[in-house]
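Dear colleague,

Please find below the structure that I am handing over to you. My notes on what was found in it follow directly after.

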Amino acid sequence: MRRAIYDREHEAFRSAFREFLDREAVPYVDEWEAAGTPSRDFIVKAGQAGFLGFEFANELGGLGIDDFRYNAIMTEQVVASGIAADTFSMQNDIIVPYLRDLANPEQQRRWIPAFVEGRCVTALGLSEPGAGSDLASISCSARQDGDHLVLNGQKTFITSGATCDIAIVLTRTGERDGRGMTLVVVEAGTPGFERGRPMHKIGRKGQDTAELFFEDCRVPLDQVLGTSVVVNYRRDADAAEQVVREIRRAGGSAMACAAAIDVGAEVARMVERVREELGPVSILVSNAGTASRGRTVADTEAAEFRSLLEVHALGPIALIQSLLTDMRAMPRADIVMISSNTVGNAPAGAAPYTMAKAAMETCVATLAREERSHGIRANIVAPGLVATDMGRRLVKASTGGGSLDDLNATSPFGRVCTPADVAAAVAFLVSADAGYVTGQRLFVDGGGADATVF
Ligand SMILES: Cc1cc2nc3c(=O)[nH]c(=O)nc-3n(C[C@H](O)[C@H](O)[C@H](O)COP(=O)(O)OP(=O)(O)OC[C@H]3O[C@@H](n4cnc5c(N)ncnc54)[C@H](O)[C@@H]3O)c2cc1C
């Protein structure tokens, strides 16, 4: 049957790859089977010929080709040639997405150019003697000790395990099933990282499959793959999820999880939960509270000022303090506070809320200066009126109307901003594009700013 999915360029690629295998692989199959692995010389030549990591961007050494038909052609030709090496499917089909989507820019520059040149063979360590299909039951652990993770455990059946230059290893950083899993990149030669010899198999003899052993193996936190994001919204879980989705979409390098944390809870317990669910955290987005009932300065008691300060400032500050050690160890970390009211935009009748938010903003601005040398950025996103139930209530309180039209009428742009607009602003601030933006207040000014809504 003739297949219509490939075009002329694909077929030209197929010919080039077939010729490459006929010349560089087929004559050496017996040699590789005896050694239990393809030669490194072959892998380097494959890199030089453009057959490794071509999906990566040009500036990282790739060709920027995002077309899985090329990967499929390679699999077909490897099978047709009978060399039974998993190098290409392992590196191009399985490893590339991990490094493309989860590695941060520094990590990408560190590993990807060598990967493309065949100088950084990469293994993926998921399976263990007691955990295959059911990865939630892995037990290889990574305990945090200062700015390192300490790995203990074993992996088995790992393709390229005996010869890899780096291994992406799935570890358990928390206790709960399916949660608290962290991917860590371990480089060959790291003390405490040992591998077994290639296993004897009944087939695929030319490809090494090996065990990996970790004994008090210390890996710097900047080798954690995937960004862990804490999104601390007190009540609005949907908005928190939206922030997570936007960060994923814009950054392309984040493995994000939402954790709606109640800042009223004891901070130590909060942080324990965050560590258990997310491992080391490098992005904290906080919109700690919701607006309080309207209160003028004249009729607000000290206790109410104190309680709002607790929710909007002291809670988030304690959370930041608890995460700072982790964040300092990361090549880059971000703190983003969402704060709509402040000194220059203090509506009448919201004194305790505005005071607390202003206190928090002062702290963020100070943090931005204090933590620059640790690679931590701290910024504020300041939405105008947002199209939420609370936005409607605010408009209703001031104008009597509360429909979306009433809300939109307050906006110079014809519509007030949505939670998605706020999330997009957060995603921008934590993206590589905003790498040098710190200590800033970014307005998402969909409306309300010029309208007296309280
Ligand atoms: C050549 C080779 C290379 C490999 N390379 C790697 C690698 O690079 N990295 C890595 O991490 N691992 C690797 N593996 C391991 C491989 O991914 C595991 O073997 C696989 O995940 C299955 O796990 P298991 O062998 O423990 O089987 P089990 O999980 O014990 O499964 C045994 C059988 O039960 C079935 N089964 C399991 N659970 C269910 C269920 N819930 N419902 C129905 N059926 C079920 C399975 O389909 C299977 O047929 C490799 C394995 C081989 C053979």
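A residue is called buried here if 20 or more other C-beta atoms lie within 10 Å of its own, exposed if 12 or fewer do, and partly exposed in between, with C-beta atoms placed from the backbone. By that criterion, buried residues make up 45% of the 454 residues in the protein chain. Please bear in mind that this is a predicted model, in which local features need pLDDT of at least 70 and side-chain atom pairs count only at pLDDT 80 or more, while totals for chains, interfaces and linings use all residues. Residues are numbered from 1 along each chain as its sequence is written.

The protein chain has 13 helices and 13 strands, where helices (H or I, at least four residues) and strands (E, at least two) are DSSP runs numbered from the N terminus. Of the contacts in the protein chain with a separation of 6 or more, 74% are accounted for by residues 24 or more positions apart, a contact being a pair of residues whose C-beta atoms, placed from the backbone, lie within 7 Å.

Around the ligand, the shell consists of L124, G125, L126, S127, G132, S133, F157, I158, T159, R204 and T209, counting residues whose C-beta atom, placed from the backbone, lies within 6 Å of the molecule. The elements that give two or more residues to this shell are β1 (122-125) and β3 (148-159), and the largest share, three residues, comes from β3. By class, the shell has four nonpolar, six polar and one charged residues; Ala, Val, Leu, Ile, Met, Phe, Trp, Tyr, Cys and Pro count as nonpolar, Asp, Glu, Lys and Arg as charged, and the others, Gly among them, as polar.

S160, in the loop between β3 and β4 (166-172), has a positive phi of about 65° although it is not a glycine, and S160 counts as buried because it has 27 C-beta neighbours inside 10 Å. D216, found in strand β7 (residues 209-220), is likewise not a glycine and has a positive phi of about 45°, but D216 is exposed, with 11 other C-beta atoms within 10 Å.

Finally, helix α4 (residues 68-81) and helix α5 (residues 87-101) pack at an angle of about 170° with their axes 10 Å apart, the axes being lines fitted to C-alpha atoms over the stretch in contact and the angles running from 0 to 180 degrees between N-to-C directions. The two helices, α4 and α5, are therefore roughly antiparallel, a term for angles over 145 degrees. Their contact is made by N71, M74, T75 and V78 of α4 and F88, S89, N92 and D93 of α5.

With kind regards

Conventions: Parallel < 35°, antiparallel > 145°, perpendicular 65-115°, else oblique. Contact = placed C-beta atoms within 7 Å.
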